[in-house]
Amino acid sequence: MCTVGDIYNYIDKFAPFESCAEWDNVGLLVGDKSKAVKRAAVALDITPHNVMKAAEAGCNLIISHHPVIFHPIKALNSQSASYLLAKYDISAICAHTNLDAAAGGVNDVLANVIGLRDVRPIYSKESENLAFGRLGVLTQSIKAKDFAQVIKEHLGAPRVDFTCGDKEIKTVAVSSGSGADLYIDFCIESNIDAFVTSEIKHHQYLEAVQAGLCIIDAGHFCTERIICKPLADMLSAAFSTAEFVILDEVAPYQSL
């Protein structure tokens, strides 16, 4: 039988927790490494709803991408996720920026899902030691508007925003979640055709249009939720004595 610590150590080997960004909070954030695990849940976020779903499914561990504890806790409300984890004796392992940058992590999965080939890691001036981005090429060029539609379909995104719709796209950079600040300058300076990310600011759209860079904003949730199944599959292959279930999640917003 495997333990929370065994699963922690497995993740640590391919996405070292110590490699996270200095502002991040990752690792075993709730629970005990010695606890045996028969069933674990995999999710993007640890919300009160997800904790209750995990408890109902008989899980005593949740592995999430986003940290359940990010800022110092000043009060512990009985309806908060952290309180509910303790109440139902569910441990929490959170792999955030370390999983973004890891080989086989979030950005490699994103690059694969949208059809990139010859993928390599890319760094930024703000993250010289961590590659939060990937750069690759499409097998054949495609109009930016059509590529945005492909991304929308492959990521299951309710909407995507994009620039330079008539541009022919061949080289593509990706950075999941809020990666816009890290790589827009790189993409412009390197003459990259398109940049897939999320949370793009108005002035960044203006800069992109002026430079002829196609930016495709597919949303934070949709560019990162895609890691859950590959991660669950990896864990299932590594630990035959435990069951790993993927919690059903929807974006915390609605789109028209």
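Tyr10, Phe14, Phe239 and Phe244 form one aromatic cluster, where rings of Phe, Tyr and Trp (its six-membered ring) pair if their centres lie within 6.5 Å, with planes under 30 degrees apart counted as stacked, over 60 as edge-to-face and the rest as tilted. Before I continue, please note that this is a predicted model, in which local features need pLDDT of at least 70 and side-chain atom pairs count only at pLDDT 80 or more, while totals for chains, interfaces and linings use all residues. Residues are numbered from 1 along each chain as its sequence is written, and side-chain values use heavy atoms, with hydrogens and water left out.

Let me stay with the rings. The structure holds 7 aromatic pairs. Tyr183 and Phe195 have ring centres 6.4 Å apart and planes at 75°, so this pair is edge-to-face. Tyr183 belongs to helix H7 and Phe195 to strand S11 (residues 194-197), so the pair ties together parts that are 12 residues apart in sequence. Helices (H or I, at least four residues) and strands (E, at least two) are DSSP runs, numbered from the N terminus.

Tyr183 is buried at 0%, and Phe195 is buried at 0%. Phe239 is buried at 12% relative accessibility, and Phe244 is buried at 9%.

I turn to the nonpolar cores. A core is a set of buried Ala, Val, Leu, Ile, Met, Phe, Trp, Tyr and Cys residues joined through side-chain atoms within 4.5 Å. The largest has 54 residues, and those with the most contacts inside it are Ile7, Ile11, Ile63 and Val172. A second, separate core of 18 residues includes Ala21, Ile184, Cys187 and Phe195.

Where contact means heavy atoms within 4.5 Å, Val172 touches residues that include Ile114, Leu116, Phe147 and Val196, not counting those up to four places away in sequence. Gln204, in helix H8 (residues 202-211), is buried, with a relative accessible area of 5%. Neighbours within four places aside, Gln204 is in contact with Ala180, Asp181, Ile184, Glu199 and Ile215.

Next, the pockets. On a 1 Å grid over the protein atoms alone, a pocket is an open set of points with protein on both sides within 12 Å along at least five of seven lines, where a 1.4 Å probe fits, and lining residues have an atom within 4 Å of a point. The largest pocket has a volume of about 460 Å³. Of its 23 lining residues, Ala21, Trp23, Thr97, Phe132 and Leu182 lie nearest its centre. Helix H4 (97-101), helix H7 (180-189) and helix H9 (220-224) each supply at least two residues of this lining.

The second largest pocket has a volume of about 210 Å³. Its lining includes Asp45, His49, Phe221, Glu249 and Pro252.

Finally, an exposed position. Lys87 sits in helix H3 (residues 81-87) and counts as exposed at 56% relative accessibility. The C-alpha atoms of Lys87 and Ala55 are separated by 10.0 Å, the two residues being 32 residues apart along the chain.

Definitions and conventions
Buried means under 20% relative accessible area, exposed over 50%, partly exposed in between (1.4 Å probe, protein chains only). Grid points are joined across faces, edges and corners, and a volume is the space filled by probe spheres set on the points.
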